[in-house]
Amino acid sequence: MASTDTQAASAEEVQVVAFKLRSEEYGFSILNVQEIKGLTDITRVPFAPEFVKGVINLRGSVLPVIDLKRRLGLEDTPYTPNTRIVIVKFDEVSVGMLVDAVTEVRTIDSDDIDASRAVTTEANGKFVSGIGKVDSRLIILLNISEVIGLTAEE
Amino acid sequence: METNQYMEMFLDESREHLQSLNDGLLGLENNPEDLSVLNEIFRNAHTLKGMSATMGYTKTAELTHDMENLLDMLRKEQLKVSEEIIDVIFKCVDSLQEMIENIGNGDGEDLVDVSDLVRQVNAIAKGESAAAAPAEEAPAAAATAEAANSIQLNDTDKKVIKEALGAGMLAFSVHVELSDSCLLKSARSYMVMNALDELGDVIKSVPSGEDLEQEKFEHSFEVCVVTDKDCKAVEEAVGAISEITKVVATEIKLDVPAAAAPVAAAAPAAAPAPAAAPAPIANTPAKAPAKAAPPKKVADKPKHAAGQSVRVDIEKLDTLMNLVGELVTNKVRLEQIGMTHRLTELTETLEQMDRVTTDLQSVVMKVRMVPVSQVFNRFPRMVRDLAKELNKDINLTIEGEETELDRTVIDEIGDPLMHLLRNSLDHGVEHPDEREAKGKPRTGEVGLIARHEGNNVVIMVTDDGSGINADKIRNKAVEKGMVTRDEADALPDADAVRLIFLPGFSTAEVITDVSGRGVGMDVVRSKIESLGGHVDVTTKIDEGSVFKIKLPLTLAIIQAMLVKVQDEMYAIPLGSIDSTINITPNDIKTVQNKEVIVLRGQIIPIVRLGEVLSVPKGHEQEEEDIFVVVVHVGDHKTGIVVDNLIGQQEIVIKTLGKLLSGLKMLAGATVLGDGHVAMILDVSALM
């Protein structure tokens, strides 16, 4: 029964995997998240776009890892023990996202999501699909296809 | 037999042809007027005849020949397709199938009696009804088949049995089948013999006791035993032994010939019957020589069983490959653990595992390999058709079609080859009249040759046509604005001809304007290069051209040299490595500000990998020794300066995925034994 409830409610609720980049909180829709991995060795890829940190070995397959802070134009911070790689999948393409820490899986009521982009800058505005308000916190929801996708166009 | 190495192929192909014969006949039955089906059947029969004649199986060839005659008459409408005729042909096919299987089993083709069938076929061909031909072959065939595995008794044996029977004992022929999974066949057969010995006297076994001990039999054998127990007791005694799937004891009655049948019936499961055809026990005439028991022969030789191939989705093989790769990676990790903690036991076990994984890897690799004949097969037909269309006499020679290539390469190579062949036919080989005027034979020779060359497979498309006129190519390239006049003139002929591979060179008008080639040559090149290969052309006016395609054996796994630059590891495909050398900084000279070295009198430009790939500088490495990996693409050589050579290793190529596709200088990535990812260099981009 519980699962039915969740499904019925999902029309108005969004489950997100929330994570930190510097002091801000961001989120991906849980439907796109495959798994969360601790930091492993990342191999630099020459000539790759600047925001691609490199590639990792995920159980035998080679996966690109995007430095999300660099992608969103945020300032770099060193790795910490909390640094994680969030593996997301969009359109059959799996990509790792380097984040500072994964905080929680959160259900956000769609009423609490502000679609306005007023607060975002023009440069990174396309990456943001909305801002979720949870208690007193703000979770910036990211548009995965844009975060991954641009490289394909280049 | 020298032809032995072709046996497997012969059998496979024969089965294939027989299968299509069967299908064709079925089609013909439903649609007797369809000439195309008839032609197809005829072709199959003809090929079969040729193959069996080549292999020296005259009887098979003869029967096929007679059948072919019949088919030919049908084809020429000298005879009408009737049910009777189709039936007879079906019977021929069945007999042929039997013969082929016998050949596969290591028995000769002679075991199937086809004389009646041949008579029938010839009778029909002469316009008589097959019914007029004497003796149906079916019962005969059945008899020979059923008699298989039964025991051939000689005079002495019979005497013993007779005596035993006289003493009120019974004689049994016991047919024993072991389970397929039985590993200790000799032990089981020994137990059977023991059990039977306890019941009475074992007179004879087929195969002989010695052969049973040496496991020289498949899964069944026959024992002849005299005992005072009844049939059931014998079966129970043997059946109590484990791993025995079937026991049939049949009473032997020497004086009643009809008793032969049950003995034969004891082996119904032994299909396809080796058809050794010894006379059934009961009516064995005294003269039947007890020559080496035929069923034993079957056991001696490897069976070429039918239906051994399976079609598998290539993706499944890829997955398998990935899993094997992971297994190897994990094994290496375990090895490291064993080393650091000095666990001898673990290390020893891992050595065993190492052997298994290596075998596993090579098996998976082999599974992916298919002979190029799969692609080549379709060309003779195409060449014939095209030659007709172009009004040219062309003789296509195919060589080395057994050369094996990775499945993925095979799938991709067809179109480029077709392009090249079409070009050779269209633009290479001249019209017969023109050839005659040049003093060449009217028939043009076009060759399609595959062979191994080191770690590569080379496929060549050759022709003895007009060759490519370098000047015309130069002009065309200048006209197209691809090179300047000066550049074009500076090019030696060999290089000028290579201009045809440049994109944009080949357009529709080029085909007609230039007497050389040009149809989609850039497409050919990019296709080949996407497969990790390389295409080149050499040509001589009026003598012909040779297009040479060099392909890696496989796309999945290659031999590579691992090199280190600062802290980064890179893999260079061994196929493109010429040599590795050790130089000192003094050996590096400059020519027009470009660094070069002199190797064996040749000036070779060098690139510093660290700079080219902008590897972050961790530590300055000003050593006396500089490692240079000399790589080549075609005739061009370049030296790659690296910090360290790690060693040669087999690597599994992984793509970098959509996100990172098309990065220059990288051909992919690989996961190393320690789980790290290393980039594979695209050598041609470094030049």
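Predicted model: local features only at pLDDT ≥ 70, side-chain atom pairs only at ≥ 80, totals over all residues.

Residues are numbered from 1 along each chain as its sequence is written, chains are lettered from A and ligands numbered from 1 in the order in which they are written, and side-chain values use heavy atoms, with hydrogens and water left out.

**Stop 1: chain A as a whole.** Colour chain A by secondary structure and you'll find three helices and eleven strands. (Helices are DSSP runs of H or I with at least four residues, strands are runs of E with at least two, and both are numbered from the N terminus.) Of the 154 residues in chain A, 44% are buried; buried means under 20% relative accessible area, exposed means over 50%, and partly exposed is in between, using a 1.4 Å probe and protein chains only.

**Stop 2: the open sheet.** Now pick out five strands of chain A, which line up in the order β3-β6-β7-β5-β4 with mixed pairing. (Two strands pair if DSSP finds at least two bridges between them.) At the edges sit β3 (33-38) and β4 (52-58) of chain A, each pairing on one side only. Zoom in on β6 (residues 84-90) and β7 (residues 93-99) of chain A: they run antiparallel, joined by seven bridges. Click A:Val88 and look across to β7(A), where its bridge partner is A:Val95.

**Stop 3: the cores.** Which residues have the most contacts inside the largest nonpolar core? Select A:Phe28, A:Leu68, A:Met97 and B:Leu609; the core itself has 56 residues. β7(A) gives the largest share of this core, four residues. (A nonpolar core is a set of buried Ala, Val, Leu, Ile, Met, Phe, Trp, Tyr and Cys residues joined through side-chain atoms within 4.5 Å.) Stay on A:Met97 and, skipping neighbours within four places in sequence, its contacts include A:Phe28, A:Ile66, A:Leu68 and A:Ile148.

**Stop 4: a strand with two partners.** Move to β1 (170-178) of chain B, where eight of nine residues are buried.

Stop 5: Helix α8 (residues 185-199) of chain B has 15 residues and should span 21 Å at 1.5 Å a residue; its end C-alpha atoms are 21 Å apart, so the two agree. (The expected span is 1.5 Å times one less than the number of residues.) Buried residues of α8(B) include B:Val192, B:Met193 and B:Leu196, and the buried set packs against elements including β1 (170-178) and α10 (231-239) of chain B.

Stop 6: Most residues other than glycine have a negative phi. B:Asn391 has a positive phi of about 60° and sits in the loop between α16 (379-390) and β6 (394-399) of chain B. B:Asn391 counts as exposed because its relative accessibility is 59%. Finish at B:Asn593, with a positive phi near 70°, in the loop between β15 (589-591) and β16 (594-599) of chain B. Buried or exposed, where does B:Asn593 fall? B:Asn593 is exposed, at 77% relative accessible area.

Methods. Contact = heavy atoms within 4.5 Å.
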